[in-house]
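Here is a short report on a structure. Take a look at the sequence and the model before reading on.

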Amino acid sequence: MSKRGLKLFFVCVVLLGSVLQMTGCNKSQRILEKLAIDHTIGYDLDDEQKLSVTAAIINQGEGGSEVKQELITAEADSSKEAKIKLSRQTSRNIVSGQLRNTMYSMDVASQGIRKLIENLVRDPSISPRVKITVVNGSVQELLSSKFPNHPNTSQYVDHLLEKNWKNQNIPQVNIYQFTRDYLDDGVDPVAPIVRKKGDNVIVDGLALFKDDKYVGKLSPDYNMLFAMSRGKYRQGEIYIKLDQNDSDGAVMLGTVSSDKKFKVWRKRSGGFVVELFLEVKGDIMEYTGNVLLSNHKDIITIEHGISKYISNKMEDMVDIMKDKRADNVGLGKQVRNSISYKEWKNINWDELYPEVTFRCTVNTKIKSTGEILEIPVPSRE
Amino acid sequence: MTANHKPVTLEYVLHEFEQCVDLIHRNFPMLSADMVYFDHLIDKDAMEREVLQPFANVQADELDHLLKDTRFKPSSSSKEIIEGILKGDAAIFHESSVYLVSLYGPSSRPIEQSETEAVIIGPHDAFTESAFTNLSLIRRKLKSSHLKVIQLSVGEVAKSDVFVLYIDGIVNMEFVNEMIKRIRDIEVDIITDSNMLVQHIDDYPNTIFPLFLTTERPDLIVSKLSGGRVAVIMDESPSVISGPTSLFEFFTSPDDYYQRWIIGTATRILRYIAFIITITFTAVYVAITTYHYEMIPENLLYTLIESRSRVPFPPVFEALLMEVTIELLREAGARLPSKIGQTIGIVGGIVIGQAAVQAGLTSNILIIAVALSAIASFVIPSYVMSASIRFARFFLIILAGIWGNFGLMIGISILVIHLSKLTSLGSSYISPIAPLNFQDWKDSFIRGPFWMLKDRPAQSRTHNKVRNKMKR
Amino acid sequence: MKERLYSTHIALLVFMIQTGVAALSLSRKAAVYFGTNGWLSILILGCVAAINIVLISVVNRLGNGMSVFEIMEKSIPRFIVIPIYLLLAAYLAAIGCLVGKQYIHIFQLIAFPTASPLMLQGCFDVLVLFLVIKGIYNISKAATVFSFLILWMVFLLFAFSNDFEFERMTPFVFKGGRDMLEGAVDMFAAFVGYELILFVMPYADRSKKWMRSVQIGNLMTTLTYFSFVFISFGFFSLGQLKIMIYPLLDMLAYIQLPFVERLENILFSFLLFTVVVTSTMYTWSAGEAVHHVFPKANRNIMALFIVFITFLLSILPDTLYKLELWLKILSYGEAAFSFAFPIFLILLLLIQGRMGVKNRV
């Protein structure tokens with residue numbers, strides 16, 4: 001009897017609940033087509049050094065017309081204040097659960113983006129995969145420009161970054177990775193830089209951050225090397241200009257893969273030597289020099305050439321970073337892991353960093369030279 | 001009616017069958033004998049062979065001698081005689097004694113293929129309405145003296161024959177006794193089909209899930225019997241019951257065993273995937289489009305927004321509308337003759353599907369979701385189970401419409417809690433999972449190779465665990 | 001065909017009671033309190049729990065499977081026992097409901113910021129009630145199914161292999177943490193739950209195997225916690241881990257599949273299964289205690305009553321902060337209880353044993 005009563009009670013509660021919920025006192029519904037979905041948020045500084053927020057929104061036109069992108073801008077002290085201001089400008093609820101990309105103008109980035117990032121992380125509806133991009137120029141201008149081949153600018157930039165990341169041209173930098181490197185001791189974050197160029201957007205190298213502040217730029221030539229120094233590098237391509245006397249020319253290495261290994265030594269004078277061992281493997285895709293590729297010995301000279309090129313370039317890259325006092329490769333991490341905790345806490349890494357000697361040793365292996373050996377020079381007799 | 005000791009008279013029997021025009025009363029004045037029977041219950045040839053010809057060849061004084069033959073069963077109880085006549089015996093009244101001769105043989109459907117449980121390979125014979133044919137189908141496949149058959153009857157008015165089958169030495173007698181007890185305890189006028197009988201012997205009447213497996217396939221019943229389960233045949237019903245049953249038995253089909261084991265396993269896994277799709281797919285659509293827009297991948301986002309944009313209802317009503325439409329189509333298709341049924345398919349599939357999207361009543365992605373989950377539900381071999389699952393889906397869709405993923409999980413939790421309460425003949429309904437028995441997984445979630453399937457299922461609690469060994 | 005608890009069920013039941021929402025913040029606590037390589041602390045805590053279970057099994061062996069209530073009633077007068085029972089019941093029920101409330105709160109945080117928490121909580125409580133009235137045997141069966149529905153999630157850890165880096169873990173052990181002891185107690189809250197086995201004892205089958213399966217259940221919990229805390233130490237940097245409130249949630253949010261993104265939404269819903277079992281078992285244990293106070297009352301009505309009271313109780317903490325504070329205090333008590341209670345019972349049993357010997361003499 002009581003069991004039946006209980007069951008009746010359940011049924012009543014459940015029915016009542018469903019009726020209440022279904023009949024519309026449910027405010028938490030976020031029905032897809034009734035939302036204005038943030039795709040990209042951009043941050044600029046205007047002339048009065050005030051933050052100006054631009055949001056590219058995926059918006060559903062009235063009455064079932066095509067989905068298109070809309071751009072709205074507001075001036076605000078913070079991104080959330082901007083959201084409130086922005087929502088006055090659109091007929092739908094602005095939501096940020098589908099946010100893909102955040103863009104920072106160089107001015108914003110050099111002032112430090114810690115607070116902006118912090119609020120992105122704080123909002124549980126924002127994915128940790130939201131990209132962080134630095135824009136060379138005005139973000140608003142970039143987002144509002146129309147590119148003839150790409151109707152949707154924000155999406156275009158997003159896909160561009162995604163493709164470049166997949167090809168390992170640039171490191172993947174999203175909120176999670178940026179905060180991770182920012183909060184780790186012994187490594188500083190980076191972010192890709194994009195720039196408008198004519199009718200296209202191009203990746204314009206890497207932004208080097210010192211903590212959360214943009215301090216300098218690494219030219220796109222270093223993209224590959226940076227990727228190699230950061231982690232395992234797979235299936236990439238690298239173009240190398242050899243400048244040895246006997247094997248002048250350029251080599252294009254394809255299907256490059258590399259493995260890295262760091263070693264740390266103490267200098268007698270105090271300070272550290274960090275050595276990066278790279279093992280690079282690849283196939284020759286293009287070669288313009290004079291060496292006979294059929295000759296095994298000569299391939300070794302090419303290998304040496306490539307090794308030298310990479311190691312020089314790598315050392316240059318670290319020098320640039322040292323110059324800006326930004327440890328983006330993560331030398332500090334290597335040093336930290338080689339000494340005791342007490343010592344690590346006692347040294348001031350920021351001061352020590354420029355004094356650290358960085359060496360790079362590369363071991364290149366050419367796996368193959370393609371489908372033919374060489375087209376012989378026509379003999380003139 | 002307590003005329004057990006009085007000799008039963010012809011008049012009494014005729015009085016009992018008053019107003020039964022189909023009763024035949026035949027008089028043999030030469031032999032001073034009377035015969036009473038139902039013409040349509042007996043086999044005419046047998047009548048000719050067993051009764052008429054012998055009667056024609058004897059003199060009046062030899063009749064007594066003839067009636068001593070064992071095929072003439074003397075009877076003195078009026079109840080027995082009346083039951084006998086109703087069961088297709090002919091009652092012969094001679095002098096003061098009455099004899100029953102069994103001539104049962106009504107016209108019945110021949111053994112045909114099963115419509116609801118079609119097979120591609122494997123035996124094609126299916127049970128018919130005649131219990132004896134069904135028994136014969138089973139005996140032919142199971143030539144063992146250990147196969148025992150107990151006869152019971154249900155229905156206070158209808159008195160249908162029910163046979164309980166089991167293999168002695170394999171079955172756990174607790175189940176047999178429980179089954180017999182439950183069938184005996186049924187107090188209703190009439191039961192017309194074994195699917196109805198099942199509901200009278202259920203452990204829990206208020207559940208959407210079938211607690212016993214019913215099938216039309218003799219090979220399936222034979223394998224269940226040899227697994228140590230009990231089978232129940234009901235006369236005049238083409239489905240045979242097997243029990244105790246676990247939920248996962250509904251996802252197996254004898255076909256799995258007729259194919260190579262890898263293929264059989266793949267098919268079985270496919271059915272479980274179908275189960276998951278049926279039960280959750282539309283609900284997930286509703287949950288995501290109503291609450292969790294952030295879960296949609298970017299490539300799908302634009303298509304979804306576009307197709308949803310013209311729909312005037314919230315997703316939950318949109319989904320319910322389409323689900324009900326599909327159910328209507330299915331029900332209409334099932335009721336109509338097969339030729340018109342195809343038309344329904346065309347009308348439903350193309351006209352409604354296309355038109356509904358173009359008219360902006362539903363989004364085309366929902367149509368795909370609904371259609372996919374409907375198709376998936378038909379992959380499940382048991383029609384009863386597939387209907388139950390389709391019903392459960394509605395419940396989940398509504399919950400997903402109320403609370404999104406949270407509602408969906410609440411719904412799944414309720415289903416799981418409900419399922420774990422259920423028992424079939426007192427043994428757990430979700431058997432190889434709880435009570436946990438990994439050994440049985442190789443014959444329920446996958447179809448292991450035959451060398452692996454050495455043990456009988458734990459659910460049948462047999463004392464004779466190892467297959468292909470019979471205790472003598 | 002008397003129903004009994006199989007030992008495999010007990011292992012999974014213990015696993016399901018132990019795991020819960022506490023797992024979400026476990027990596028942060030390990031990072032904050034233990035610092036570098038804090039994941040090692042999980043193993044230590046797991047061992048502590050295992051030792052505690054040994055204590056419980058001693059109770060089981062000495063008492064020969066007697067229920068804790070029988071043991072207490074044997075030597076303590078009823079008027080003292082009754083308030084103890086009521087206190088116990090109130091305490092267990094409070095934990096049960098707050099665990100559920102915490103889950104609801106977090107769910108609201110990530111998916112339903114504007115939904116009424118009462119509604120969600122009510123729905124959750126109905127679910128708990130629905131399970132509690134089914135009895136311990138069916139609870140264990142449901143727990144088994146639920147555990148299979150969430151165990152597969154362990155495979156998701158492979159999704160992080162790309163961003164996992166050993167270098168991030170540093171070679172230092174337990175450096176940069178603070179208040180390790182307090183932290184250990186705080187983290188231990190994620191492990192408690194196995195002590196409810198004390199109340200399940202009389203329902204289990206008599207074999208000695210089932211105490212081992214409690215250990216197995218605890219081992220499963222420890223390994224699950226260990227695996228994802230370990231992964232999160234290589235996935236997040238230490239500084240990041242310290243500021244994330246629910247690192248596991250962020251990890252899940254990072255998984256991306258071609259057909260679905262932001263998996264934390266759906267995966268967090270899967271945690272409902274374990275939270276329901278946890279909450280149900282606490283409520284059930286509270287019900288057991290109350291049952292011994294009012295032996296004649298109808299169990300289902302009592303369950304309804306308890307769930308209703310806890311529902312009212314769960315309205316009180318209205319912010320996540322307050323709620324977690326309450327839970328922290330309660331789980332301190334719970335940790336103390338899970339050690340003190342078996343020891344108390346062992347003492348009782350020893351005294352009883354001695355008295356029994358005397359009586360026989």
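Which residue forms a salt bridge with A:D181? The partner is A:R230. The closest N and O atoms of A:D181 and A:R230 are 3.4 Å apart. Keep in mind that this is a predicted model.

## Two domains in chain A

The size of an interface is often given as the accessible area lost when the parts come together. Between domain 1 and domain 2 of chain A, the buried area is about 1900 Å². Carbon and sulfur atoms give 52% of that area. Three residues stand out on the side of domain 1: A:Q168, A:G186 and A:L218. Together they supply 31% of the area that domain 1 of chain A buries against domain 2, more than any other three residues. In terms of contacts, 24 residues of domain 1 of chain A touch 28 residues of domain 2 of chain A.

Polar pairs also cross this interface. The rule finds 4 salt bridges between domain 1 and domain 2 of chain A. It also finds 13 residue pairs in polar contact there. On the side of domain 1 that touches domain 2, two elements of chain A give two or more residues: β8 (200-210) and β9 (213-218). The largest share, 7 residues, comes from β8(A). By class, this side of domain 1 of chain A has 11 nonpolar, 6 polar and 7 charged residues.

## A buried tyrosine

A:Y43 is in strand β1 (residues 35-45) of chain A. Is A:Y43 buried or exposed? A:Y43 counts as buried because its relative accessibility is 0%, and the cut-off for buried is under 20%. A:Y43 and A:E75 are 32 residues apart along the chain. Their C-alpha atoms are separated by 9.7 Å.

## Where chain B meets chain C

The area buried between chain B and chain C is about 3300 Å². Carbon and sulfur atoms give 78% of it. How many salt bridges are counted between chain B and chain C? The count is 0. For polar contact, the count between chain B and chain C is 6 residue pairs.

On the side of chain B that touches chain C, α6 (173-185), α15 (383-421) and α16 (438-441) of chain B each supply at least two residues. The largest share, 13 residues, comes from α15(B). By class, this side of chain B has 22 nonpolar, 7 polar and 5 charged residues.

How values were computed:
Residues numbered from 1 in each chain as written. Chains lettered and ligands numbered in written order. Predicted model: local features only at pLDDT ≥ 70, side-chain atom pairs only at ≥ 80, totals over all residues. Heavy atoms only, no water. Contact = heavy atoms within 4.5 Å. Buried area = accessible area lost by both parts, 1.4 Å probe. Salt bridge = Lys/Arg side-chain N within 4 Å of Asp/Glu carboxyl O. Polar contact = N/O pair within 3.5 Å; in protein donor to acceptor, adjacent residues only side chain to side chain. Helix = DSSP H or I, 4+ residues; strand = E, 2+ residues; numbered from the N terminus. Nonpolar A, V, L, I, M, F, W, Y, C, P; charged D, E, K, R; others polar. Buried < 20%, exposed > 50% of the residue type's maximum accessible area, 1.4 Å probe, protein only.
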